There are 2 protein chains.
Amino acid sequence: MTIRAIERAMTVLQELNLQPINTIAQLHARTKLPKPTLVRILRTLEEAGYVENDTRQGGYQVSALVTSLSSGFHKGPLVVEAGRAWAIAITRKHKWPVAIALPDYDGMIIRFSTVPDSLISPFHSTVNRRLSMLTRGMGLAYLAFLDGEDRDVMIGILQKSQDPENALSHHREELLRLLSQVRKNGFATRASTVEPRNSDTIAVPIIAKSGRVLASLGLTYFKSAFDSERDARERYVPILKSAAVAISEDLNRLSSSIAIEVNSAEPAVLEDDR
Amino acid sequence: MTIRAIERAMTVLQELNLQPINTIAQLHARTKLPKPTLVRILRTLEEAGYVENDTRQGGYQVSALVTSLSSGFHKGPLVVEAGRAWAIAITRKHKWPVAIALPDYDGMIIRFSTVPDSLISPFHSTVNRRLSMLTRGMGLAYLAFLDGEDRDVMIGILQKSQDPENALSHHREELLRLLSQVRKNGFATRASTVEPRNSDTIAVPIIAKSGRVLASLGLTYFKSAFDSERDARERYVPILKSAAVAISEDLNRLSSSIAIEVNSAEPAVLEDDR
DNA sequence: CTCGATCGTTTCGCGAGCCGGAATGGCTCG
DNA sequence: CGAGCCATTCCGGCTCGCGAAACGATCGAG
């Protein structure tokens, strides 16, 4: 026996994370919960400090305190930590959301996303979302830069998959041609056959100093904001490549020891110990 | 009217974030909730995926999914993003937890902490916790490096405070001497008059290229792990100072444009658009 | 100005479902 | 072997959350 009220509250909290501002009506439409119930849940969350009700804007939003609900969670791999600052910087400057994805079995999982930082982005927050390997830019950018042997293993796994998005794995020649093209270009984009159609993602691999591909870094934009996809690519591909190189360098610096040569202030003990 | 069950669930979730592993008995002692109630709440959270019940270890812990509860929250200042990777790197190498705190009115608020990454740390996760300005290393490291004028304003604010931890603000001479000492040393430590007594925090300022102090970076350790506090300081002060400089440099790189000169792969449009 | 539509919020009586003391069963001790 | 501690289950009682309906505020159209 589980407690229904709590399940509902968690559902609401999840929904609140999908959009920067949420009205009762929207939440009602998406969660199917009765409005009075929503009001009660939201009031509870508000008094507890996790939600703010901005009447001027007419809507509810999550507050800073929600971060404390996951503050005790052991963080992910260092590549995400090294990359998040760059992702945020790109979004601040160029507005579009940027994400970092790591491989997970036969797909990629988004481990960090700046969607909430991107004011122009009506996309949903996509952290923890799974992407297929062959139709998504972030998957292709990773797969294309895998070593030959690893890549063959991966393709073998994909062939056993039932997912229609992995269908290309059965056309080996075509797939290899595509991957070779991605390697030559240094980036990949989402398959045009896949939703959502009104946006595109440009993704580049993040490659360690050792040459091993670790993750992929992707930027998503509305097609309608550019005259052609070529314009967007000419603009953002260099930025992403440059950021991927910087992340790799940071990762290198971070994982080696922290330098101990400093502008020495003598480590004298404080007299007053405050 | 608020919903009690939800309030309780949030309390439990908060408690779960304070320790890596939690038994029913611990939670019962800390939350005062009846055990059957705890079991029901935990089962609900477990089925929803936010909590894991590791029977081998005999306890409950938060799972990766909790991060999605705050994935839609607009992130904090860039200095935290630039610093978190360094904080994590220090903790991975030297084990002790490291935190970043930002000023907030008359105190400091911890905005990031590696407590959950520090396996040897039985400290609680302290994100969003407020620290007083005059008795905490992180407060003093910030205050001491404020510009003369800003510092005077801050001291004025502190004098109006009733908090006994701000008492020192009424002894101007003594306070200025302390701050001058901190500036000379380049770091500050927690007042020995303040809890917890069995640990100490070493804090350094994070100073922007402009010379303005932005935040402070602190490392906390058990006194019993060292022969003397001097030993600990000789060891960690240089590391912290070095990291603070690196963070400042990263911040500078991040906030200027992302370089667009790259190892040019021609931005040719992909033939196959997948 | 007056409808009417659509918000968010409050009301209120019913009964589902949460509550928690007590019981259970497993475990580790001495 | 039994005492003590643990997490978990049981189950009768009765709160307390539930949601249809009403309310009042806001807005735009006519």
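Let's start where the protein chains meet: chain A and chain B have 4 salt bridges between them. Keep in mind that this is a predicted model. One of those salt bridges joins the side chains of Glu81(A) and Arg84(B), at 3.3 Å from N to O. Polar contacts turn up here too, with 18 residue pairs counted between chain A and chain B.

Which elements of chain A give two or more residues to the side that touches chain B? They are α1 (4–16), α3, α4 (78–94), β4 (107–113), α7 (172–185) and α8 (229–255). Sort the residues on that side of chain A and you get 44 nonpolar, 21 polar and 25 charged.

And the size of the contact? Chain A puts in 90 residues, and chain B puts in 90 residues. The area buried between the two chains is about 8900 Å², and carbon and sulfur atoms give 62% of that.

Now for the DNA. Of the DNA strand C atoms that come within 4 Å of the protein, 71% belong to sugar and phosphate. Here are some backbone partners of its phosphate oxygens:

| Residue with the polar backbone atom | Distance to a phosphate oxygen of DNA strand C |
|---|---|
| Arg4(A) | 3.2 Å |
| Ile24(A) | 3.1 Å |
| Ala25(A) | 3.2 Å |

Two or more residues of the surface near DNA strand C come from each of α2 (24–31) and α3 (35–48) of chain A, and α1 (4–16) and α3 (35–48) of chain B. The largest share, 4 residues, belongs to α3(A). By type, the residues of this surface are 9 nonpolar, 4 polar and 6 charged.

Terms used
Residues are numbered from 1 along each chain as its sequence is written. Chains are lettered from A and ligands numbered from 1 in the order in which they are written. This is a predicted model: local features need pLDDT of at least 70, side-chain atom pairs count only at pLDDT 80 or more; totals for chains, interfaces and linings use all residues. Side-chain values use heavy atoms; hydrogens and water are left out. A residue is near a molecule or strand if one of its heavy atoms lies within 4 Å of it. A polar contact is a pair of N or O atoms within 3.5 Å; within protein, one must be able to donate a hydrogen and the other to accept it, and residues adjacent in sequence count only if both atoms are side-chain atoms. Ala, Val, Leu, Ile, Met, Phe, Trp, Tyr, Cys and Pro count as nonpolar, Asp, Glu, Lys and Arg as charged, and the others, Gly among them, as polar. Contact means heavy atoms within 4.5 Å. Buried area is the accessible area (1.4 Å probe) that two parts lose on being put together, summed over both.
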